[in-house]
Amino acid sequence: MLENIEDILDTEINRIKNDGNFKIQKNLNISPELKIAKILFALPKNQIPEPNKQRKYALSPILDKTLHNGFKFLKIAFASGGSLAIVGTIIFAGMLSAKALPGQTLFKVKKVAEQTRLHLTFNETNKAKIQIELTEKRLNEAKQIFANSEFNTAPQKFAALNELASQTQITTQTIKKVAVSTAISKLDHPLVTSLEIVAKQQKDFAEKIQPQDGNSSLSLNALNTSQQSNNDVKEIKNLISVALTDNTQIHIAKLSENNNSISALGKIVKKEKSIVIVEGLNFLVTPDTLIKTQDEKILAIQQIKDNSLVNIIGKKSLNTKESFIANQILLLATPDDEKNKPVTLPPVSPNTSLKENIFDNENLINDSDIITGSFIVEDPKSEQ
Amino acid sequence: MLNSFVYNISSLNSPTDKDLLSSLVAKAKAGNRSSFGEIYNLFFQKIYRFIFYRVGHKETAEDLTEEVFLKAFGKISGLSNNGTFEGWLYQIARNLVIDYYREKKVLIDIQDLENTLEYESNVVDVLNLQNNQKIILQVLKQLPSDQQTVLKLKFFEELDNSAIAEILEKTEGAVRVIQHRGLTKLKELTENLEI
């Protein structure tokens, strides 16, 4: 039994609280207070935002004093360090992925970085150079996997070979694209040479893994990739040969920084004592003119037959109009070569590094002050 | 008899609910984390509301609410059987709010937390008040501080007496007395007004 007014009032208040429609008896002494209580309970309340960070910390096994003390710090760190963490993770993943091998998780990150580099390269020739670098990289990765017992699992070996095959295909497609368009105007172009080096290295690699690996699928896979690479190289060379033997196609390259220099590729249609004419362009052969074959054999001008395919690099003559002084004549193919057999490229030392090969060629060209790796090819008719 | 009556009208309405809470608290005190997890689920929203009304900021309220349960988890084994568990949680929450303002170097009367800051506007939707409600809120400000506090905890936040007593460090009987005095004072102040 309730004994005082405070308790009675409290009881009635709780009845109102539990039943909003509770009717207050008007004859009670506390009726005015209850009326006020009802008004107070009916006050409209602001909607509070739903908490979205309700966590089961109480159930967490790591709930300890450290977490307790570090809680505020962690909350702040999440807010301010979130973006830093993302950037840091990307950089860290990039660093880790640099050494990742096919079949490993971070290898995908590595490939994304490589693709980004390609997307940021707009010159097709430079893209082709990067593709060759990537092919060599895939080859080295495959070698590493096959040589190291740590990675000596069939799935990783298959992954390495698949990556190699895939990259080789992309590279050859890129070089084919460049070859049939503009830039590759000679058979010993660094791109072609480099691709051939890789193809040869692939062949060596495939032949080595065949006897020591019991899995015939693996060796077959490697051989197929190697065979495909060599076929692609031949195809590219044929593409260029066709372009070179086509008399209607004479490629003239101009240095963008030096309009006096040209490079002409085509058949010699008429030869005089000191004048070589290629499709109407006269080149003066001087004692300083270097005449050589692809295997660096020095020739005399008399040794070059009519209708031979040559690549002439020269400068515009200051004394004679419409003539050029030949600095270098490279014999690419004799008339007999063209009819009976494909043009052969100079032998490449197996110890030659691909990168060195590319840069050596570029340096040679730059030193001669004649031509660069990237140049503009124009139709001679449009010049005239 | 009075005690048992008050017991029955706590925020956990039925004796079964009350028994359930007692059981959960006992298990949690013995180190049962799963039981504390159930307590957490039971009280999270209430404590969050209580804190949000006092700090008016969602993320801060979330953080402080988590802090309440972390503190409670660390101290529950030493919880005495006197007082209510719910009131104890509110006491922790109130102290954390006070600490929060101390860290912010906001000068407040910690004994009068509910009557300062933006507490009232955080709770009540002042844009949608009826006329009689506006009058009541106006005259409420004329009440002594302790009466304002009890009435706000009771009617704004709908806390039960045990929780209010724990927060204000008073007995439940004292809370009922203050509540009665406050409502009587409001009646007197509004006698000549149409409400």
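User: Hi! What ground rules apply to the numbering and the values here?
Analyst: Residues are numbered from 1 along each chain as its sequence is written, while chains are lettered from A and ligands numbered from 1 in the order in which they are written. The model is predicted, with local features needing pLDDT of at least 70, side-chain atom pairs counting only at pLDDT 80 or more, and totals for chains, interfaces and linings using all residues; side-chain values use heavy atoms, with hydrogens and water left out.

User: What ipTM and pTM does the complex get?
Analyst: The predictor gives an ipTM of 0.75 and a pTM of 0.41.

User: And where in chain B is confidence lowest and highest?
Analyst: Going by pLDDT (the predictor's confidence in each residue, from 0 to 100), helix H1 of chain B (residues 2–8) is lowest with a mean of 32, and helix H10 of chain B (residues 172–189) is highest at 92. Helices here (H or I, at least four residues) and strands (E, at least two) are DSSP runs, numbered from the N terminus. For residues 1–11 of chain B the pLDDT is below 50, and this stretch has 21 contacts in the model beyond near neighbours in sequence; a contact means heavy atoms within 4.5 Å. Where pLDDT is low, the predicted coordinates should not be read in detail. Chain B as a whole averages 81, with 82% of the residues scoring at least 70.

User: Good to know. Which residues have the most contacts inside the largest nonpolar core?
Analyst: Those are Ile51(B), Phe85(B) and Phe156(B), in a core of 70 residues. Helix H3 of chain B (residues 33–55) gives the most to this core, with 12 residues. Another core lies apart from it, with 23 residues, among them Leu161(A), Val192(A), Ala206(A) and Val233(A). By nonpolar core I mean a set of buried Ala, Val, Leu, Ile, Met, Phe, Trp, Tyr and Cys residues joined through side-chain atoms within 4.5 Å. Buried is under 20% relative accessible area, exposed is over 50%, and partly exposed is in between (1.4 Å probe, protein chains only).

User: What is Ile51(B) in contact with, leaving aside its neighbours within four places in sequence?
Analyst: Its partners are Gly56(B), Ala61(B), Leu64(B), Thr65(B), Val68(B), Ala93(B) and Val97(B).

User: Switching to aromatics: how many pairs are there over all chains?
Analyst: There are 12, where rings of Phe, Tyr and Trp (its six-membered ring) pair if their centres lie within 6.5 Å; planes under 30 degrees apart count as stacked, over 60 as edge-to-face and the rest as tilted. One of them is the stacked pair of Phe44(B) and Phe69(B), 6.3 Å centre to centre with 20° between the planes. That pair links distant parts of the chain, from helix H3 of chain B to helix H4 of chain B (residues 58–75), 25 residues apart.

User: Are those two buried or exposed?
Analyst: Phe44(B) counts as buried because its relative accessibility is 0%, and Phe69(B) is buried too, at 3%.

User: Which cluster does Phe44(B) belong to?
Analyst: Phe44(B) forms one aromatic cluster with Phe36(B), Tyr40(B), Tyr48(B), Phe52(B), Phe69(B) and Phe73(B).

User: What lies over the face of Phe50(B)?
Analyst: That's Arg54(B), at 3.6 Å from the ring centre. A charge sits over a ring if NZ of Lys or CZ of Arg is within 6 Å of the ring centre and within 35 degrees of the ring normal.

User: Why is helix H8 of chain B called largely enclosed?
Analyst: Because 10 of its 12 residues are buried, including Gln147(B), Lys152(B), Lys154(B) and Phe156(B). H8(B) covers residues 145–156 and reaches 15 Å from its first C-alpha to its last, close to the 16 Å expected at 1.5 Å a residue; the expected span is 1.5 Å times one less than the number of residues. After H8(B) comes Glu158(B), with a positive phi near 55°.

User: Now chain A: how many helices and strands?
Analyst: Chain A has 11 helices and 8 strands, and 43% of its 384 residues count as buried.

User: Where is Lys176(A) found?
Analyst: Lys176(A) is in helix H6 of chain A (residues 154–181). Lys176(A) counts as buried, at 12% relative accessibility. Between Lys176(A) and Glu235(A) the C-alpha to C-alpha distance is 8.4 Å, with 59 residues separating them in sequence.
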